Amino acid sequence: MERTHLRADRVETGLDRVLATAGDDLVVASNRQPYRHDYGDDGDVTVDRPAGGLTAGLDAVMRRVSGTWIAWGDGDADATVVDGDDRVTVPPDGDDTYTLQRLWLDDSEVEGYYYGVSNRVLWPLCHAALGTVEGCGDAWADYRRINDQFAAEMAAASGPDHLLWLHDYHLALAPRQVRERTDDAPDDPAADRTLAHTWHIPWPSWDTFRACPHREEILDGLLGNDVVLFHVPRYCENFLRCAERGLSDAEIDHEAGTVTHRGRTTTVRAAPMGVPADSIREQAGSMEAAGFCAAFRKNRGIDRDTRVAVGVDRLDYTKGIVERLDALERLLAERPRWRGEVTLVQIGTESRSNIDAYRRYQQRVEDAVERVNDRFATDDWRPVVYTTDMISNEGLAGLYRESDLAVVSPVRDGMNLVAQEYVAAQDDDPGVLVLSDQAGAHDVLGEWTVSVRPHDTVGFADALDEALSMSEHERRRRGNALSDYVTDNDIESWVGTVLGTVANLGHADGGVTTRADH
């Protein structure tokens with residue numbers, strides 16, 4: 001029986017009403033910045049704007065509240081455009097703006113904080129890929145120092161009644177560091193700031209997490225928050241169990257979903273993230289989208305009558321791309337009627353290529369694509385079209401709508417927004433979503449998808465056959481249900497849920513922060 005305290009029930013409060021109370025009291029902190037400044041080929045400064053996902057969704061919110069966003073400035077021209085306090089107003093045009101506060105990292109700090117701990121330790125650990133976890137070594141000092149830099153900026157940028165909203169595994173220590181800074185001034189009315197932290201990747205079981213080389217510090221850091229949020233209830237349950245097993249002095253209330261540690265009670269909740277469904281739908285129906293799809297088919301040799309399956313992923317070992325290609329190969333081997341009838345368009349985005357595990361995985365993907373094409377391709381058809389080319393938002397949305405099915409098959413994923421983006425892009429004749437049961441999105445979308453277990457190649461091939469053979473009536477029934485969910489639970493709904501959760505805790509406790517009596 002599901003515990004009611006861990007359900008991600010939507011808070012019945014309008015986003016506008018919640019934002020009206022936040023005003024410029026909202027401070028967001030994340031590793032990735034929403035706007036990046038670089039030098040173009042002509043030497044002029046160019047601006048890279050949010051393309052989608054978390055940064056695009058939060059950018060829309062920040063433009064409505066005029067708050068402060070703290071992030072690592074990694075653009076070539078970032079330092080050129082900031083003022084003396086390392087701040088810049090964004091977006092560069094328009095009336096609705098906010099402050100972007102940039103932090104600076106040297107190459108050694110990037111290697112230790114970002115590549116070392118964040119992506120060689122915490123990322124694989126949380127995705128249960130223990131075989132790729134590396135030792136921290138000196139990188140831990142970089143991770144702690146950069147987290148403290150974020151904490152210092154958050155403390156400086158916030159005041160009485162401010163909400164500090166942190167994001168992801170790059171900043172696990174920063175909440176406790178904020179507390180340590182502000183607790184030094186107990187008479188300061190700003191000392192008891194409200195901290196909420198959204199962890200966007202999975203939280204592993206205790207049996208996996210106990211392998212973390214600094215597990216006590218990670219837990220202690222996160223428990224500096226008033227609220228810790230995951231995308232689905234099972235990650236909340238894992239976190240509570242890890243706190244129970246990993247911290248001898250922590251008090252866990254599983255029914256209430258709280259952890260009391262060092263005199264502070266932290267509430268743990270689930271809030272599944274959504275996507276900007278309306279804007280994706282609009283992009284998918286644009287002239288640019290239609291033109292892109294027509295040109296893509298022509299340039300890639302995909303016949304107009306060939307059915308298209310689409311996969312869109314970072315080239316990351318958690319995304320299940322190789323398993324997807326193995327399943328396609330088995331489908332074509334055992335069900336030859338699909339040869340010449342369907343092409344998988346696999347869009348890959350290179351990621352963290354200076355980490356050995358990523359370089360090896362990218363090579364595995366290329367090898368698998370070559371193997372499947374060598375085995376089955378004909379003079380006028382290829383089973384796999386693989387590209388790492390940059391595609392515009394409109395082009396990608398158009399490709400989603402053009403495709404007969406999307407194959408989203410991560411071996412482990414916190415949420416996965418591609419699945420929802422695909423649904424949002426559909427029209428009255430929707431495609432089929434093939435979705436891994438290891439994605440957080442499966443917890444909320446699974447009953448209307450064709451579910452797969454990525455490592456079950458035989459079952460995966462059967463699922464592809466089911467998706468390609470699905471009747472129009474069943475396809476529309478599932479597609480309509482998916483569309484209703486994604487539209488009703490879009491990114492604005494998610495932001496409203498998170499901010500409403502914080503506000504509701506404040507009303508319940510007579511103040512936003514909850515402290516233990518002792």
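Predicted model: local features only at pLDDT ≥ 70, side-chain atom pairs only at ≥ 80, totals over all residues.

**Cavities and an open sheet**

Let me begin with the largest cavity, whose volume is about 80 Å³. Which residues line the largest cavity? They are Ala309, Arg324, Leu328, Leu331, Val342, Leu344, Leu405, Val407, Leu464 and Leu468. By class, nine of these lining residues are nonpolar, none is polar and one is charged. Helix H12 (321-334), strand S14 (342-349), strand S16 (405-408) and helix H17 (457-469) contribute at least two residues each, and H12 gives the most, with three.

The second largest cavity holds about 40 Å³ of space. Its lining includes Trp448, Met470, Arg475 and Arg478. Strand S17 (432-436) and helix H18 (472-488) are the elements that give two or more residues to that lining, and the largest share, four residues, comes from H18. The class count for the second largest cavity is six nonpolar, three polar and two charged residues.

I now turn to the sheet. Ten strands form an open sheet with mixed pairing, in the order S5-S6-S4-S1-S7-S8-S9-S12-S11-S10. Strands S5 (87-90) and S10 (251-253) stand at the edges with a single partner strand each, so one side of each has no neighbour in the sheet. On average, neighbouring strands are turned by 20° against each other, direction ignored.

Elsewhere, helix H9 (residues 233-246) lies across S9, S10, S11 and S12, running at about 150° to S12.

Key: Residues numbered from 1 in each chain as written. Heavy atoms only, no water. Pairing = 2+ DSSP bridges. Axes fitted to C-alpha atoms, helices over the stretch in contact; angles between N-to-C directions. Contact = heavy atoms within 4.5 Å. 1 Å grid on protein atoms, 1.4 Å probe; cavity = no way out; pocket = protein on both sides within 12 Å on 5 of 7 lines; lining within 4 Å. Points joined across faces, edges and corners; volume = space filled by probe spheres on them. Nonpolar A, V, L, I, M, F, W, Y, C, P; charged D, E, K, R; others polar.
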